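Please find below a colleague's note on the structure shown here.

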Amino acid sequence: MVLADLGNKITAALSNVTRANVIDDKVVDDMLKEICNALVASDVSVGLVVKLRKNIKMAVNIQEMAAGLNQRKIIQKAVFDELCNLLDPGKKAYQPKKGKPNVIMFVGLQGAGKTTTVSKMANYYKRKGFNPCVVCADTYRAGAFDQLRQNATKIKVPFYGSYTEADAVKISQEGVELFKKEGKDLIIVDTSGRHKQEAGLFLEMQQIAEAVKPDNIIFVMDGSIGQAAFDQASAFKKQVAVGSVIITKLDGHAKGGGALSAVAATESPIVFLGTGEHMDDLDSFDAQSFVQKLLGMGNMKELMSTFSSVMDAEKAPELAARLAKGKFSLRDMYEQLTNLMKMGPLNKVLEMMPGMGQLSAMMKGTGHDSSAKLKSMLTIMDSMTADELDSDKPLKEQSRVIRVAKGSGKSVREVEELLEQHKAFSKMIGKIGKTNIGPGNRNQAQ
Ligand code: GDP
């Protein structure tokens with residue numbers, strides 16, 4: 001069962017509880033049966049599912065619970081907490097800090113997605129204001145050098161590697177030293193993989209780790225391998241000090257549940273999920289946020305933290321005041337969309353918003369380039385007058401719509417779509433306003 005279906009199944013099981021007139025053991029057992037079946041169908045190991053079931057049963061003691069709304073809340077919370085526990089090994093992952101050279105080494109089998117993920121992660125931290133660079137110490141796979149160099153050029157981060165040098169330890173040491181001298185604060189070393197776990201691979205990994213003394217070793221694993229994830233992650237952990245894990249290929253039809261829960265069972269915190277082949281297809285991982293998203297609850301915490309990191313600090317209080325009054329003009333939308341552009345692709349942002357997951361999936365499904373869509377929206381608004389942008393009233397007159405369409409080189413339908421989106425955004429941003437956008441508490445909004 002793919003992750004989206006798993007989320008839907010669990011949400012449906014929880015809704016049955018909410019709808020039930022009386023909550024008794026049977027209602028809880030039926031819900032648990034549905035949830036457990038869905039988890040097993042997603043490849044989560046039976047042992048973990050049995051444990052989850054037992055823990056929820058323990059937390060939900062119908063006989064001792066007061067009747068009413070409270071019961072439903074307790075059941076929902078127990079399910080939510082246990083799903084989080086399934087994915088959370090309870091250990092904190094290494095977080096790169098600014099102002100020092102963070103050396104990160106990637107390990108994993110060939111084809112797991114290491115080289116792609118090295119570039120994605122460099123891109124992610126570049127957006128966060130780091131000064132990343134990449135070192136290609138994969139001298140085993142013929143195309144690794146060119147692949148990483150091309151990706152590095154695309155995302156505009158410095159690259160170090162050698163076509164001719166076969167000694168991966170030497171390359172990694174030279175690369176890391178050079179970038180340290182240049183004052184780079186995130187040095188990511190891509191190492192070789194092999195088709196299977198073997199002595200040569202592990203020896204090289206250990207030698208590189210010895211030479212570059214990484215602050216963190218990230219194990220990259222293909223998410224489609226399901227329950228086999230536990231053995232693979234354990235094998236790598238035994239050989240080098242793996243600090244965290246990235247699971248790739250959790251896009252599209254990947255079952256995911258197996259790899260996610262199995263890796264967590266090795267007590268390795270997952271830090272990112274790879275969700276596609278493009279540079280932006282990397283989601284930072286936090287068990288709670290993941291479960292919230294899975295169950296379509298959105299993730300206001302992540303949204304607000306990303307939002308506040310790109311928001312113009314001077315304008316924040318002014319916007320907060322306007323939102324508190326329920327005002328959101330087209331100009332506000334223009335400014336916020338410009339901020340959203342800085343945050344990353346629109347569908348990622350939408351995923352974080354309650355109830356917007358489906359719209360995001362729709363945009364993904366159509367293969368729509370969300371940045372291009374955003375740019376097109378901004379182009380349309382560039383053709384509006386200052387009055388139109390600043391008005392709190394919706395722009396309705398057809399003559400104006402036609403004028404804006406002509407001026408921006410877009411169709412009337414596209415302008416109308418934008419106005420519809422403004423309406424939807426106003427509602428949504430209104431919700432964010434209510435959840436406290438004020439500068440003092442933006443990060444705590446949930
Ligand atoms: P490496 O041998 O571990 O360095 O693996 P690569 O980075 O070369 O990736 C192997 C293949 O997996 C390439 O075709 C990548 O485009 C693809 N890949 C990597 N990460 C993802 C992901 O998250 N989703 C999908 N669909 N493909 C991925």
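Predicted model: local features only at pLDDT ≥ 70, side-chain atom pairs only at ≥ 80, totals over all residues.

1. Residues are numbered from 1 along each chain as its sequence is written.

2. The protein chain has a mean pLDDT (the predictor's confidence in each residue, from 0 to 100) of 82, with 80% of its residues at 70 or more. The scores of the model are ipTM 0.99 and pTM 0.71. Over residues 435-446 pLDDT stays under 50. For that stretch the model has 22 contacts beyond four places in sequence, a contact being two residues whose C-beta atoms, placed from the backbone, lie within 7 Å.

3. Around the ligand there are 18 residues, of which Gly113, Lys114, Thr115, Thr116 and Gly274 come nearest; a residue counts here if its C-beta atom, placed from the backbone, lies within 6 Å of the molecule. Helix H5 (residues 114-127) gives the most to this shell, with three residues. Helices are DSSP runs (H or I, at least four residues), numbered from the N terminus.

4. The axes of helix H7 (residues 168-181) and helix H8 (residues 199-212) come within 9 Å and cross at roughly 25°. Axes are lines fitted to C-alpha atoms over the stretch in contact, with angles from 0 to 180 degrees between N-to-C directions. H7 and H8 are therefore roughly parallel to each other, the term for angles under 35 degrees.

5. Ala168, Val169, Ser172, Gln173 and Val176 of H7 meet Glu204, Gln207, Ile208, Ala211 and Val212 of H8.

How values were computed: Helix = DSSP H or I, 4+ residues; strand = E, 2+ residues; numbered from the N terminus. Parallel < 35°, antiparallel > 145°, perpendicular 65-115°, else oblique.
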